[in-house]
Amino acid sequence: MSVTLSLAPLAGYTDRAFRTLAKEHGADLVYSEMISAKAVCFSDAKTRELASFGEVERPICFQLFGREPQDFEIAAKTLARDFSPEGFDVNCGCPVPKIVKSGEGSELMRSPALIGHIVTATKKAGLPVSVKLRLGVDEEHKNVLDCARAASESGAERIIVHGRTREGGFSAPIDFASIARVREEFPNVEIVANGGINTPADAREMLEKTGVTHLMIARGALGHPWLFDEIKADLDARPFVAPDLYEVICHHLELACTFKPISRALPEMRSQLAFYFKGQRGAARTREALMRATSRAQIDTLLKEFFNR
Ligand SMILES: Cc1cc2nc3c(=O)[nH]c(=O)nc-3n(C[C@H](O)[C@H](O)[C@H](O)COP(=O)(O)O)c2cc1C
């Protein structure tokens, strides 16, 4: 079976460095961190940085968030002209209160018609469009099918389903049956299953229980970017040898310092380093010291000490 594995959008994590790493370890498709459609309309410099990427990251989709269809149209046309990504995704899943209060992210799921208008507007840039949905805002409003219908009738080529409601946050059990239902209802749309895929066994379970052939990996890849290759090896019944952790971390650090000024790269690497060290025996002291490190040399020394290099 041919399976596609995508790296999910993860604000604060899936920057150029991490996306490059994911590609090197088998991701077939990567998504940008979420980009404000409105901010693109104002030519915000920070936003343009979020949209920059290297050729090795292709194919890449930009994820936009917002509420006004017109913002999506302008943003998509601007970004298509300046960056030529392979497609756009509309964020319909973000549960962060500030976003929800503005009627954006998961709040869009209260209005399937608006999702349709946003897809129509985004498609005016002439590139493929996907939507990233949850199952609904809560158990009483599980309207993923209505939202998927509105998106597909407006021309969305791909629908990503995170198998939890907004109320379910990031830890509720995955509702495989609801994802399977979306796949059955929309046989002509590419359905992508997301949520809780942290191991090859999780990937197998998702594939078996939903019938999709495209999986989106999110937190499972943090501190474990080789998960894509690991899942593919498992599906092909090939042996898999995990890469050397020290080498992966050093390479990640190098990429981070290549793409961002060191004054930003180092603080941002802290949260990534915390994931690499999660579950490592005897790492508590090194982890703490890494969180306080203020120079690349300090980090290099701490890593060398911990890994005996
Ligand atoms: C720190 C963090 C940042 C996220 N940022 C985004 C984002 O920018 N856009 C988006 O659609 N989803 C975002 N998500 C949701 C993930 O893409 C994914 O749907 C979710 O984590 C469920 O997958 P998982 O259980 O495999 O982690 C974020 C999640 C986390 C934990």
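Me: Which residues of helix α1 are buried?
Reply: In this predicted model, eight of the nine residues of helix α1, which spans residues 16–24, are buried, so the helix is largely enclosed by the rest of the structure. Taken by name, the buried residues of α1 are R16, A17, F18, R19, T20, L21, A22 and K23.

Me: What covers the buried residues of α1, and which residue with a positive phi follows the helix?
Reply: The cover over the buried residues of α1 includes the strands β1 and β2 together with the helices α10 (227–235) and α11 (245–259). The helix is followed by a residue whose phi is positive, near 105°, and that residue is G26.

Me: How many bridges join β1 to β8, and which residue is the bridge partner of L7 in β2?
Reply: Strand β1 (residues 4–7) and strand β8 (residues 214–217) run parallel and are joined by four bridges, with L5 standing opposite L215 of β8. Strand β2 (residues 29–36) also runs parallel to β1, to which two bridges join it. In β2, the bridge partner of L7 is V30.

Me: Why does A121 count as buried, and which residues does it touch beyond four places away in sequence?
Reply: A121 lies in helix α6, residues 112–123. A121 counts as buried because 23 other C-beta atoms lie within 10 Å, where the cut-off is 20 or more. Leaving out residues up to four places away in sequence, A121 touches P69, Q70, F72 and E73.

Me: What separation do the C-alpha atoms of A121 and D234 have?
Reply: A121 and D234 are 113 residues apart along the chain.

Me: Which members of the largest nonpolar core touch the most other members?
Reply: The largest nonpolar core has 83 residues, and it draws at least three residues from each of domain 1 (4–235) and domain 2 (245–307). One of its most connected members, I159, touches S130, V131, L133, A148, A151, S152, V182, F186, V189 and I191, again not counting residues up to four places away in sequence. The members touching the most others are L64, L133, I159, V161 and I217.

Me: Which residues around the ligand come nearest?
Reply: By class, the shell around the ligand consists of nine nonpolar, nine polar and three charged residues. Of the 21 residues around the ligand, those that come nearest are A8, A11, M34, A218 and R219.

Definitions and conventions
Residues are numbered from 1 along each chain as its sequence is written. This is a predicted model: local features need pLDDT of at least 70, side-chain atom pairs count only at pLDDT 80 or more; totals for chains, interfaces and linings use all residues. A residue is near a molecule or strand if its C-beta atom, placed from the backbone, lies within 6 Å of it. Ala, Val, Leu, Ile, Met, Phe, Trp, Tyr, Cys and Pro count as nonpolar, Asp, Glu, Lys and Arg as charged, and the others, Gly among them, as polar. A nonpolar core is a set of buried Ala, Val, Leu, Ile, Met, Phe, Trp, Tyr and Cys residues joined through C-beta atoms within 7 Å. A residue is buried if 20 or more other C-beta atoms lie within 10 Å of its own, exposed if 12 or fewer, and partly exposed in between; C-beta atoms are placed from the backbone. Domain bounds come from an automatic or database domain assignment. Two residues are in contact if their C-beta atoms, placed from the backbone, lie within 7 Å. Two strands pair if DSSP finds at least two bridges between them.
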